[in-house]
Amino acid sequence: AGGAIGAQVGMLRQSIAAMAEYAAQIGRLQIALQGVTKTSDEYASAQEAISRLSKDLNVPILEATKGFTQLSASVIGAGGKVNDAAVVFRSFTQAIKATGGGAEEVNGVMTALTQIFSKGKVSAEEINQIAERLPGAFTAIAKAAGKTGPELQKALENGEVGLNDLMKTAQYLTNQYGASAAKMAASTEESGARMTIALDKIKFEVGQAFQPIGSEFQESIT
């Protein structure tokens with residue numbers, strides 16, 4: 001009996017530790033996001049954008065927070081605002097969701113978009129990275145920029161495709177895929193993803209509750 005109880009206590013301890021670490025990961029990203037945003041209002045807007053994205057499109061909150069924080073840093077660094085980052089993040093995620101992609105594709109596209117904003121211009125290298133994960137991405141950028149495929153290719157080679165064209169692409173993707181992405185996220189096929197999001201929320205809140213206890217213990221050891 002003692003061995004059985006001890007095993008159960010050990011499993012509970014490991015579970016609590018995992019939840020506390022999960023909450024700590026998100027907490028570290030939130031601290032980074034506070035550093036990236038310039039005002040408390042921008043930070044609040046960023047948090048709202050992350051929450052809505054996770055809820056509306058079934059994106060895990062940890063991945064959403066990480067991707068949005070990195071993208072916001074490059075967008076703000078390029079002279080944009082948090083709302084610009086929110087529009088870009090949501091529009092490309094909608095397109096990926098509507099075309100059957102998942103969290104892995106979202107992460108890859110956000111990495112490419114972060115590189116684009118960091119450089120201040122759109123290059124063929126990043127567009128290819130996006131196109132590998134989002135079917136029709138090249139065509140979408142061409143149409144948003146008012147160019148044909150060959151014209152866009154030439155413009156990319158000449159470095160003539162700017163961040164303004166990328167923002168136009170974000171709006172184009174929202175118009176094209178917004179409704180179908182919402183339908184996909186609400187479908188029975190996505191019920192497992194919705195359950196995961198709900199469980200992650202519980203894990204985060206329970207982890208936050210136990211985190212101070214773990215922190216005090218670790219500080220006493222230090």
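## Helices and overall fold

A helix here is a DSSP run of H or I that spans at least four residues, with numbering that starts from the N terminus. The model is predicted, and its protein chain contains ten helices and zero strands, so that reading along the sequence gives the pattern α-α-α-α-α-α-α-α-α-α.

Of the 222 residues of the protein chain, 39% count as buried, and the accessible surface comes to about 12,000 Å², with 54% of that area belonging to carbon and sulfur atoms.

## The largest pocket

Rolling a probe the size of a water molecule over the atoms shows where empty space is left. The largest pocket holds about 380 Å³ of space, and 18 residues line it, with Ser51, Ser54, Ile61, Lys201 and Phe204 lying nearest its centre.

At least two lining residues come from each of helix H1 (2-36), helix H2 (40-57), helix H3 (61-77) and helix H10 (191-221), and H10 provides the largest share of the lining, namely seven residues. Sorted by class, the lining of the largest pocket consists of eight nonpolar, five polar and five charged residues.

Which residues of helix H8 are buried? In this helix, which runs over residues 149-157, Leu152, Ala155 and Leu156 are buried; they lie on the same side of H8 because they cover an arc of only 100° around the axis. An α-helix has 3.6 residues a turn, so residues three or four places apart point the same way.

The buried residues of H8 pack against helix H6 (124-133) and helix H7 (137-144), whereas Pro150, Lys154 and Glu157, on the other side of H8, are exposed. Just after H8 comes glycine 159, which takes a positive phi of about 70°.

## Glycine 192 in helix H10

Glycine 192 has its place in helix H10, the helix that also supplies seven residues to the lining of the largest pocket. Buried means under 20% relative accessible area and exposed means over 50%, with partly exposed in between; glycine 192 therefore counts as partly exposed, at 36% relative accessibility.

How many residues along the chain lie between the positions of glycine 192 and asparagine 58? The two are 134 residues apart along the chain, and their C-alpha atoms are separated by 9.6 Å.

Note on methods. Residues numbered from 1 in each chain as written. Predicted model: local features only at pLDDT ≥ 70, side-chain atom pairs only at ≥ 80, totals over all residues. Heavy atoms only, no water. Buried < 20%, exposed > 50% of the residue type's maximum accessible area, 1.4 Å probe, protein only. Areas by Shrake-Rupley, 256 points an atom, 1.4 Å probe, with all protein chains shown as cover. 1 Å grid on protein atoms, 1.4 Å probe; cavity = no way out; pocket = protein on both sides within 12 Å on 5 of 7 lines; lining within 4 Å. Points joined across faces, edges and corners; volume = space filled by probe spheres on them. Nonpolar A, V, L, I, M, F, W, Y, C, P; charged D, E, K, R; others polar. Arc of directions from axis to C-beta. Contact = heavy atoms within 4.5 Å.
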